[in-house]
Amino acid sequence: MYLYHFGLTELPFTLTPNTNFFLALESHNEALAVLTTALKTGEGFIKVIGEVGTGKTLLCRKLLNEIPEHFVTAYIPNPYLNPNELRRAVALELGVKQAQRMSAQLLTQRIQNRLLELHSKGHSVVLILDEAQALPAESLEALRLFTNLETETRKLLQVVLFAQPELDQRLAQTEFRQLCQRITFSYQLRPMNSNEVQQYIQHRLHIAGYKGAALFSEKLCKKITRVSKGIPRVVNILCHKMLMLSYGQGDYQITNKQLTAAIKDTESITNHLNKANYAGLGNIFNVSAASLLLFVFMYFVYSIYLSGGA
């Protein structure tokens, strides 16, 4: 691999969400600030929405690592669970014993008792779900009912949802209006701009041990931003491939040629470009067809004019 070639101690552009590589970009800082503020209020649901590959899971892990000590967290990374499975998963995360053997009613009671116990010890409990757009409809309703558990002064459980935009589409349905009303804080992650992409690439290389001159020029970073649409995961894929190509060719500077090769080898980008080209061809065809029809119409009118003149 290219580690020795570039003087790296580890791979800088892996797809595994590693908080050691976290870069405090404006969007992620704002999201963390929203999460911190929301958790302090102790109320309702908190929602963070982001497109595929924008760093939701990394942000989720950053929150888990840095959440204040008085919080007890229940983390569910794969919430494609029916209501009973969801209850058992929450119970296990909260340390409820023999959760697998209980009826749904008894399990709900034990969860409430555990939440009251933690509350009496000065703890706040937060349930964090990644990929929340995968929750079945019945489980979303079960989640809402969880937040009915409360004392006279505050909720016993807060819920943080990290999800793709599909969750917003689902929550817009009438059946989820009660859940929507309980979302007290929300944030939408945005893609990186070209300056942030350059910072992001340099930061990851630095964390991975690189100490040489800049490998990726400002101009090249702008091109990477354009083709990746500023999505961190796609930036990682492209940069990893470009470093491999550079190593294979014995180069110490990343070039446009290597970016072009990396793009051709990345299916998510080539599919998008093919669709764009197809749409472009479709537009050309539509314009040409319209021009042809206009020409035929004008010829027809001109023919009538000549006939009338005769």
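Predicted model: local features only at pLDDT ≥ 70, side-chain atom pairs only at ≥ 80, totals over all residues.
Residues are numbered from 1 along each chain as its sequence is written, and side-chain values use heavy atoms, without hydrogens or water. Local features need pLDDT of at least 70, side-chain atom pairs count only at pLDDT 80 or more, and totals for chains, interfaces and linings use all residues.

**Whole chain**

The chain has 13 helices and five strands. These are DSSP runs, numbered from the N terminus: helices are H or I with at least four residues, strands E with at least two. Of the 310 residues, 43% are buried. Buried means under 20% relative accessible area, exposed over 50%, partly exposed in between (1.4 Å probe, protein chains only). Among contacts (heavy atoms within 4.5 Å) with a separation of 6 or more, 74% join residues 24 or more positions apart.

**Helix α10**

Helix α10 spans residues 218–228, and its buried residues are L220, C221, I224, T225 and S228. Down the axis they fall within an arc of 145°, so they line one face of the helix. The arc is that of the directions from the helix axis to the C-beta atoms. K219 and R226 are exposed on the other side.

| Partner of α10 | Residues |
|---|---|
| α9 | 194–207 |
| α11 | 232–249 |
| α12 | 256–264 |

K229 follows α10 and has a positive phi, near 60°.

**P165**

P165 sits in the loop between β4 (158–163) and α7 (166–171). Leaving out residues up to four places away in sequence, P165 touches I49, G50 and E51.
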